[in-house]
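Student: Could you walk me through reading a structure like this one? I would like the general idea behind each feature, and then the case at hand.

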Amino acid sequence: MENTFYSDSDKQRKADSEKARQRLSVRDGFERDFGRIIHSSTFRRLQSKTQVIGIGEGDFHRTRLTHSLEVSQIARGIATTLNVQAPELQNNNKLDTSLIETAALAHDLGHPPFGHKGERSLHKHMQAFGLGFEGNAHTFRLLTNLEGSEGTGLDLTRATLLSILKYPAVISSLVHPSIKDEPPKSSFFDEDLAAFEWLIADFTEAEKAFFMQVSKPNTNKHIKTMTKTLECTIIELADDIAYGTHDLQDALKLKLIDLELLVTTLQNRKANCSDRIIEAIDAFILPADPKSRINELFADLISAFITDIRITKRNDFLSNRLKYCAELSEGNHSLLEDLKNLVVEHVIFSQRVQTSEWRGGIIIDRLFEAMIEDKRLLPELDRAAWIKGSDKVNARIVCDYIAGMTDTYALKIYSRLFESTGGRLFDI
């Protein structure tokens with residue numbers, strides 16, 4: 001039975017070549033998108049990019065790759081559960097789990113080496129050229145331009161791209177001029193406006209206005225976007241759940257967070273949570289040795305969060321992805337925010353992580369300065385794209401190259417350029 005939740009427009013690709021249409025395949029468009037992400041070099045590089053804790057700190061904790069795989073699995077669980085439970089998704093009106101998995105796998109592709117410090121460093125340098133950098137916007141650039149075929153990227157379907165577009169506004173429209181050290185949350189750069197315009201071309205004018213609405217200007221904050229597609233809200237919830245459970249589990253293992261602090265956080269929020277969350281918390285804290293049940297706690301919390309998610313109707317638009325969104329109940333959402341804040345306060349802001357991030361920022365700074373000064377430090381294809389006198393184009397070339405590096409490769413390049421011992425480099 002055909003799934004009527006998605007229109008023909010959702011399955012369109014920007015390039016959609018005749019050769020691609022003639023290929024024999026039993027897979028649908030969303031399954032082909034999944035394959036394109038899995039087989040991309042950008043996806044493979046996530047194995048050597050920092051998630052929360054630097055990759056040099058051990059081999060147990062999550063990298064960007066394992067985090068993306070776990071987000072994908074959680075997102076699929078949410079979609080599968082909603083397809084069974086949500087009244088809005090009955091009969092042949094279902095979320096496509098391949099689409100959800102694909103978008104979840106791709107949601108972090110654009111993050112540069114060394115986490116958010118690397119992101120802030122690149123944004124600082126790009127501002128000097130009247131541009132900017134943000135990891136989500138670079139994800140869109142990779143998928144629509146850099147990865148795969150030149151100019152079209154991986155040529156994913158419209159629905160998949162909309163599922164990844166977390167902050168639907170061009171970066172220059174969101175920047176507060178006084179904030180230099182932090183980029184606004186944006187899903188595309190000014191150079192990629194044409195790809196975005198194709199993406200939303202089939203929305204009505206009212207749908208475009210709803211999708212692109214932003215907050216009012218603030219005296220000391222960047223402007224924020226306010227709307228995400230249904231699929232994107234599911235992936236954001238899956239990302240938050242992974243961050244507040246799996247990354248917290250890593251922090252406990254590495255003794256960055258004390259077990260008693262976790263117990264206190266759970267006890268403080270328990271009363272306002274769903275019955276399944278309460279059961280999971282009680283099963284963890286009531287035994288004499290809760291430490292032995294850490295793995296069971298996080299498995300139970302993930303399952304409870306997934307089953308609590310509901311679909312909410314936002315409007316009467318024709319587009320299902322704009323008509324609906326996915327949400328957690330208020331009590332469970334508050335608990336999840338507290339768990340995420342534990343990671344922020346006791347891991348991200350810890351000396352151990354901050355010193356690693358600081359070093360990463362210095363590495364990015366020096367690489368950018370060297371490469372913008374001398375294009376001969378760039379790969380051959382990037383040197384060929386260099387345009388004399390076009391500073392903005394050249395700055396983006398350097399930024400794209402550095403953003404695509406893994407933490408390990410950035411360290412090797414830095415060592416070869418700036419350290420007396422050098423660094424042996426292999427073609428990567």
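This is a predicted model: local features need pLDDT of at least 70, side-chain atom pairs count only at pLDDT 80 or more; totals for chains, interfaces and linings use all residues.

Student: Let's begin with the whole chain. How many helices and strands are there in the chain?

Tutor: The chain has 20 helices and two strands. For overall shape, the radius of gyration can be set against a rule for globules. Here the radius of gyration is 22 Å, close to the 22 Å given by the globule rule for 428 residues, so the chain is as compact as a globular protein of that length. The C-alpha trace spans about 65 × 50 × 50 Å along its principal axes.

Student: Now a helix pair. At what angle do H11 and H14 pack?

Tutor: Helix H11 (residues 230-253) and helix H14 (residues 294-308) pack at about 175°, and their axes are 10 Å apart. An angle over 145 degrees counts as roughly antiparallel, so H11 is roughly antiparallel to H14.

Student: Which residues make that contact?

Tutor: On the H11 side they are Ile-241, Gly-244, Thr-245, His-246, Leu-248, Gln-249 and Leu-252. H14 brings Ile-294, Asn-295, Phe-298, Leu-301, Ile-302 and Phe-305. By class, that is eight nonpolar, five polar and no charged residues.

Student: On to single residues. Is Arg-141 buried or exposed?

Tutor: The cut-off for buried is under 20% relative accessible area. Arg-141 has 8%, so Arg-141 is buried. This arginine lies in helix H7 (residues 135-146). Beyond its neighbours within four places in sequence, Arg-141 contacts Leu-146, Phe-189, Glu-191, Asp-192, Arg-396 and Asp-400.

Student: And where does His-123 lie, and what does His-123 touch?

Tutor: His-123 is in helix H6 (residues 115-127), and is buried with a relative accessible area of 0%. Not counting residues up to four places away in sequence, His-123 touches Gly-132, Phe-133, Lys-180, Glu-182, Pro-183 and Pro-184. A C-alpha distance is also handy to check: His-123 and Glu-134 are 11 residues apart in sequence and 6.8 Å apart in space.

Student: How do I read Thr-312, which is found in a strand?

Tutor: Thr-312 belongs to strand E1 (residues 310-313). This threonine is partly exposed, at 28% relative accessible area. Leaving aside neighbours within four places in sequence, Thr-312 is in contact with Lys-323, Tyr-324, Cys-325 and Glu-327. From Thr-312 to Lys-270 there are 42 residues in sequence and 24 Å in space, C-alpha to C-alpha.

Student: Backbone angles next. Which residues have a positive phi without being a glycine?

Tutor: Asp-155 is one of them, with a phi of about 50°, and Lys-255 is another, with about 60°. Asp-155 sits in the loop between H7 and helix H8 (158-164), while Lys-255 is in the loop between H11 and helix H12 (259-269).

Terms used
Residues are numbered from 1 along each chain as its sequence is written. Side-chain values use heavy atoms; hydrogens and water are left out. Axes are lines fitted to C-alpha atoms, for helices over the stretch in contact, and angles run from 0 to 180 degrees between N-to-C directions. Helices (H or I, at least four residues) and strands (E, at least two) are DSSP runs, numbered from the N terminus. Angles under 35 degrees count as roughly parallel, over 145 as roughly antiparallel, 65 to 115 as roughly perpendicular and the rest as oblique. Contact means heavy atoms within 4.5 Å. Ala, Val, Leu, Ile, Met, Phe, Trp, Tyr, Cys and Pro count as nonpolar, Asp, Glu, Lys and Arg as charged, and the others, Gly among them, as polar. Buried means under 20% relative accessible area, exposed over 50%, partly exposed in between (1.4 Å probe, protein chains only). The radius of gyration is taken over C-alpha atoms; the globule rule is 2.2 Å times the number of residues to the power 0.38.
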